[in-house]
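Here are my notes on the model. Please read them with the structure open beside you.

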Amino acid sequence: MSKSSSGVKRATSPLNNFIFASRWLQLPLYLGLIAAQAVYVFHFWVELVHLLEAAFGNQHALQLLISSIGYKTDSAITSLNETVIMLVVLGLIDVVMISNLLIMVIVGGYETFVSRLNLEGHPDQPEWLDHVNASVLKVKLGTAIIGISSIHLLKTFINAANYDEKVLMWQTIIHIAFLLSAIAIAYADRLMSHHDQAGH
């Protein structure tokens with residue numbers, strides 16, 4: 001009976017241990033993404049405060065919002081209108097969705113490629129983390145990117161008067177490319193899953 005089949009743990013060479021330990025080089029990358037998420041949180045609250053101030057008649061906050069969303073009109077804007085509110089809210093939703101994407105990359109990537117988080121039994125453990133792997137993570141990331149692209153496209157269509165036709169066309173084409181890519185990734189993952197099941 002071999003050592004592997006008898007359950008005896010085989011010693012690994014120092015080189016193997018060194019190569020396996022190199023996965024910790026990814027840790028600074030995930031810490032950097034956490035810092036990037038902190039920047040997004042700050043940006044979210046700045047925009048939200050400006051929106052609330054503009055709702056109470058603060059003209060400076062209103063002009064900052066109009067500048068940040070790139071909204072232009074022939075007549076001067078002296079108060080919030082439906083279009084400005086919608087574009088600002090879509091921008092806030094965009095920040096939230098990108099933040100969700102960052103969480104998936106940070107938590108899922110760390111769990112998959114660096115080290116186990118050992119969250120079993122934790123009341124706040126994400127449901128998708130139970131069956132996360134590189135393939136599932138790619139599908140989830142593709143879906144999240146489509147959602148973010150949809151928000152950007154909707155913002156562009158609402159503010160279409162301030163965009164060139166080429167910009168509208170290329171944003172639509174890029175969104176369709178994202179959609180097709182996600183479908184292709186999901187289909188390839190499904191084929192691989194069926195192949196693995198058939199092999200077992």
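1. A word on pockets before the numbers. On a 1 Å grid over the protein atoms alone, a pocket is an open set of points with protein on both sides within 12 Å along at least five of seven lines, and its lining residues have an atom within 4 Å of a point. Grid points are joined across faces, edges and corners, and the volume is the space filled by probe spheres set on the points; the probe has a size of 1.4 Å.

2. This is a predicted model, in which local features need pLDDT of at least 70 and side-chain atom pairs count only at pLDDT 80 or more, while totals for chains, interfaces and linings use all residues. Residues are numbered from 1 along each chain as its sequence is written, and side-chain values use heavy atoms, leaving out hydrogens and water.

3. The largest pocket holds about 190 Å³ of space. It is lined by 14 residues, and H43, E47, G91, V95 and K155 are the closest to its centre. Helices here are DSSP runs (H or I, at least four residues), numbered from the N terminus. α2, α3, α4 (82-113) and α5 (134-158) each give at least two residues to the lining. The largest share, seven residues, belongs to α4. By type, the lining has seven nonpolar, four polar and three charged residues. Ala, Val, Leu, Ile, Met, Phe, Trp, Tyr, Cys and Pro count as nonpolar, Asp, Glu, Lys and Arg as charged, and the others, Gly among them, as polar.

4. How do α2 and α3 pack? Helix α2 (residues 27-55) meets helix α3 (residues 59-69) at an angle of about 130 degrees, with the axes 8 Å apart. Axes are lines fitted to C-alpha atoms over the stretch in contact, and angles run from 0 to 180 degrees between N-to-C directions. The angle makes α2 oblique to α3 (under 35 degrees is roughly parallel, over 145 roughly antiparallel, 65 to 115 roughly perpendicular, the rest oblique). In α2, E47, H50, L51, E53 and A54 touch A61, L62, L64, L65 and S68 of α3, where contact means heavy atoms within 4.5 Å. Six of the residues in this contact are nonpolar, two polar and two charged.

5. α2 and α4 pack at about 165 degrees, with axes 10 Å apart. That makes α2 roughly antiparallel to α4. Their contact is made up of 19 nonpolar, four polar and one charged residue.

6. D189 lies in helix α6 (residues 165-199). Leaving aside residues up to four places away in sequence, D189 touches S135 and V139. The C-alpha atoms of D189 and V136 are 7.9 Å apart, although 53 residues separate them along the chain.
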